[in-house]
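Hello,

I am handing over the structure below. My notes on it follow.

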Amino acid sequence: MSTMTDKLSLKERVSYGMLDVAGNLAYCFSSTYILYYFTDVAGLAVAATGTLLLLSRIIDGIDAPIWGLIIDKTHSKYGKCRPWFLWLPIPFAILGTAVFYSPETTMNMKILYAGITYLLFNISFTGLNTPLTAILPLLTKSPSERLVLNSFRMVGGQLGYLLMNVLAFPLVALLGAGDDKTGFLLTAAIFGFISVLLQFYAFFNLREQDTENLEKEPKVPLKDSFKAAKGNWPWIIMVVANLFFWIGMMARNSMVVYYLSYNLDMKDMVAFVNSMASAGILSIIAIPFICKFISKRSTWIIGLIMAIIGEILIFLAGANIYIMIIGWVISNLGSMIACSMPFAMLGSAVDYGEYKTKVRSAGFLTAFGSTFCIKAGSGLGTAISAWIIAAAGYIPNQVQSIDSLNGIVFAFIWFPVSMFLLAAIPLLFYKKYEKMEAEIRLELIKRNSI
């Protein structure tokens, strides 16, 4: 059941993690601050911005399965997934910078420009994030090594998130010298440049197994890619749970700058509080050890419960910033567990699809299970939170009314809590599929050895 290629070197593990450092520097900068940038810096209307972000995400969400199909049909000397870490980093960095440019033109043209650049940036992110997940079962056949690699990836993602949070606001202030438009633009450019270097580093260090046999591999027809999803209940459960989770997490993350700026009047604490979210690294490191004692499903549910407890503690903290930070850390410790588990478990859903249908569609299934959920969830979470505060009467850069402040609280705390609860429900039905993993792996080894 085990081969010498099952365990990767430390350099390869670190290189895999670097891919998420690279992605999070640019993508999390956008996802965390784009609503604030559009409303409070570029001057776009709050409700219109929410609609813009949602429409961009809906359109962009369609490209996740398309990217999956493209990867399933990619056959190159570099492999199926690896070449995209060479081809896409530069366009990704350019588009990530363009998002934070606000042209001096009419409001309608500003909104149009913002929508187009934001859409193209997210499409390029999908093109990088999809192979990042899909390459995992191509790097190793071992479920335990996949779990380890996923931990390296998630730690890398959190390091990228930490660097972004620590540097973002200080860089905006330093480079902008009082002009936030210039500050955001130059900060995005710096993050994009670093992202390119890290992804090239990973490209040169990673190798897919059996690359030389890719040309002999049977092409998967489009209809067969959908067949791998039909009746694949482990995959369906993960998609539903992951989608609700990302709606809640992105609503929470996009609202923290508003909550600190207006409800607590502590805008200067944004960088520090956001940097504390990277305490989630501790959870990610602990996941392989936790999963030795309890199931992956239970680990995922525990993460969601912790995220809920943290949010409630933030509400109870009121104006006490110290208790608020404790709640924020607890919520992020939990959400990083919930964020990590789908990436570690989707390989098993791919195996289940092959086991049931004899079709292996890693790109399509992982694209939907990870990138689509991230994109659609981020769009819905950001848009709904924007609509909530707009309906409550939020006016950018003004002293907010009681209704507006309550709207920010609801969008920041209670809406995410409800989404985390909804995410936990489908996971209650995953238990029997997790018990089948060893049996499925043995059967697939038997089939592939014939």
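Which side chain does the side chain of Asn253 join in a polar contact of 3.1 Å? The partner is the side chain of Arg252. A polar contact here is a pair of N or O atoms within 3.5 Å, where within protein one must be able to donate a hydrogen and the other to accept it, and residues adjacent in sequence count only if both atoms are side-chain atoms.

This is a predicted model, in which local features need pLDDT of at least 70 and side-chain atom pairs count only at pLDDT 80 or more, while totals for chains, interfaces and linings use all residues. Residues are numbered from 1 along each chain as its sequence is written, and side-chain values use heavy atoms, with hydrogens and water left out.

Asn253 lies in helix H11 (residues 233-263); helices are DSSP runs of H or I, at least four residues, numbered from the N terminus. Asn253 has 5% relative accessibility and so counts as buried (under 20% relative accessible area, 1.4 Å probe, protein chains only). Leaving out residues up to four places away in sequence, Asn253 touches Thr32, Tyr161 and Trp328, with contact meaning heavy atoms within 4.5 Å.

H11 also packs with helix H14 (residues 296-317), at an angle of about 25 degrees and with the axes 13 Å apart. H11 is therefore roughly parallel to H14 (angles under 35 degrees). The axes are lines fitted to C-alpha atoms over the stretch in contact, and angles run from 0 to 180 degrees between N-to-C directions. On the H11 side the contact includes Arg252, and on the H14 side Glu311.

Regards

Notes: Helix = DSSP H or I, 4+ residues; strand = E, 2+ residues; numbered from the N terminus. Buried < 20%, exposed > 50% of the residue type's maximum accessible area, 1.4 Å probe, protein only. Parallel < 35°, antiparallel > 145°, perpendicular 65-115°, else oblique.
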